[in-house]
Amino acid sequence: MRRKNRKVVKLKRRGSWFPGAFLLLFAGYLLVLFIQSFTGDHVSIYEVNQKQIADNENLRGIILREETIVNTQTAGYINYYVGEGSRLSVSTTVYSTDKEGTVAETASAVDTDEITLSDEDTKNIRNDIASFRDDFSLSEYAGMVNFRYNVENTLLESSDISLVDNLKKIRQESGSDASFQLVKAEQTGIISFCTDGLEDLTLGEIDSSYFTEMKDQWTQLRSSKLIKKGKPVYRLVTSENWSIVVSLTKEQYTKLLQKDSVLVRIKKDDISMTPTVRTFTSDGCYYARLSFDKYMIHYLNNRYLDIEIQFNNADGLKIPVSSILKKKCYVIPSEYLTYGSGTSNTLGVAKISYDDSGQEQIDFVEVDVYYKDEDGNVYISADLFPAGTTIQKSNGTSDTKLQVTDTAELEGVYNCNQGYCKFRYINKLYENQEYAIVEKDNSYSISNYDHIILNPELMSEDEIIY
């Protein structure tokens with residue numbers, strides 16, 4: 001049997017460069033994308049949320065009043081016939097002086113009804129105790145002294161007023177003895193029986209030294225001891241007008257500089273008022289005087305008060321300042337808005353144009369109404385057609401044509417709830433360097449939980465977000 005020839009000739013395989021080149025290019029493409037992910041700008045989205053921002057300052061200020069200290073013209077023991085905070089007229093008997101003290105002894109021996117505290121007296125004592133408890137410190141002896149004075153004023157007021165009912169008996173016992181004298185008020189005002197030595201302080205004397213300790217240092221004027229001639233017996237406040245002077249930082253001073261008035265809450269009793277404001281400087285320090293015309297009697301025995309100045313207080317939707325942009329708009333009367341032909345609910349305007357032969361034609365231009373003001377004017381994008389374009393009302397009469405020329409800028413943001421950018425108007429209530437509070441419940445604006453573009457300079461209106 002003849003053997004078959006099994007010689008095999010191997011052919012050389014020709015190499016292909018295409019797969020390698022493709023893989024190399026693809027790797028390069030991925031590398032470029034990777035680098036761009038770190039170096040390129042990216043569109044950021046922010047979720048709107050409701051927030052309240054209060055731009056308030058807590059300060060302690062010194063009170064200035066029209067007040068004077070009244071001194072006794074006769075030495076003796078003093079008995080008062082008016083209570084703390086009473087309003088005096090020139091005919092009011094304020095106190096009596098008794099050189100020997102015998103009239104006071106006689107008065108104490110006269111039968112009187114049992115003295116009871118009124119509801120107001122009880123309330124005042126409870127307030128004094130609460131204030132003392134809140135501010136108590138073993139190292140503050142002056143606070144304990146003031147607490148004692150406040151309670152004594154209330155108790156002495158009740159006991160001394162009871163002497164008025166026995167005045168005739170007192171005078172009968174004293175007869176015509178010159179050692180006993182009744183003293184009337186010399187001018188009208190509100191009486192107090194304590195002093196701190198700052199009754200004559202004026203605005204021009206204010207300096208930084210008055211804003212170091214800032215604690216009331218009252219001295220009680222009532223006394224059971226013999227009072228020498230010329231010594232103070234009571235303090236009289238002669239006007240309802242009063243003021244609080246506060247020391248400010250430069251930033252606080254700048255905030256108040258352009259204001260004529262500001263909302264102030266007095267923390268002692270949580271009363272809010274709107275005083276007039278006067279800012280001034282002295283020896284390189286910044287101050288403001290807040291002037292009031294009511295509730296002076298509430299702070300009769302306060303020299304320093306803790307207050308809260310409410311510069312801004314806004315409740316609305318919080319958005320980053322970086323998300324805000326300005327949009328140029330045409331301002332047109334709302335009656336020039338119309339709807340598309342047929343059953344279309346698309347809102348727009350009827351724009352007049354001319355063909356090559358000069359024939360007038362009407363083109364419907366769809367619009368988004370960004371805002372409608374109180375005068376009935378609507379704001380639409382100025383990118384829709386050139387300034388000077390003529391539009392007309394839907395009835396088409398010749399006297400209803402309008403050449404669009406009025407423009408305005410609206411502040412707003414790009415809303416991206418639907419996956420593309422739509423401009424939405426905003427009304428800012430408050431703004432700082434980072435965030436703004438904008439009006440909520442505005443049909444032309446954004447709503448809580450809306451999504452907006454954080455960096456609108458990277459996008460255009462109607463652009464799709466990838």
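Two rings of Phe, Tyr or Trp, the last taken by its six-membered ring, count as a pair if their centres lie within 6.5 Å. In this predicted model, ring pairs link Tyr 80, Tyr 95, Phe 193 and Tyr 234 into a cluster. Phe 193 also has a charged neighbour: Arg 222 lies over the face of the Phe 193 ring, 3.9 Å from its centre.

Of the contacts between residues at least 6 apart in sequence, 73% join residues at least 24 apart. The accessible surface is about 28500 Å², and carbon and sulfur atoms account for 47% of that area.

The structure holds 13 aromatic pairs. One of them joins Trp 242 and Tyr 299 in a tilted arrangement, with 5.3 Å centre to centre and 40° between the planes. Trp 242 belongs to strand S10 (residues 232-248), while Tyr 299 is in the loop between strand S14 (285-292) and strand S15 (304-320), so the pair ties together parts 57 residues apart in sequence. Trp 242 and Tyr 299 are both buried.

Tyr 371 and Tyr 444 make an edge-to-face pair, at 6.3 Å centre to centre and 75° between the planes. Because Tyr 371 lies in strand S20 (residues 371-372) and Tyr 444 in the loop between strand S27 (435-438) and strand S28 (451-453), this pair ties together parts 73 residues apart in sequence. Tyr 444 has 27% relative accessibility and therefore counts as partly exposed.

Definitions and conventions. Residues numbered from 1 in each chain as written. Predicted model: local features only at pLDDT ≥ 70, side-chain atom pairs only at ≥ 80, totals over all residues. Heavy atoms only, no water. Contact = heavy atoms within 4.5 Å. Areas by Shrake-Rupley, 256 points an atom, 1.4 Å probe, with all protein chains shown as cover. Phe/Tyr/Trp six-rings, centres within 6.5 Å; stacked < 30°, edge-to-face > 60°. Helix = DSSP H or I, 4+ residues; strand = E, 2+ residues; numbered from the N terminus. Buried < 20%, exposed > 50% of the residue type's maximum accessible area, 1.4 Å probe, protein only. Lys NZ or Arg CZ within 6 Å of the ring centre and 35° of its normal.
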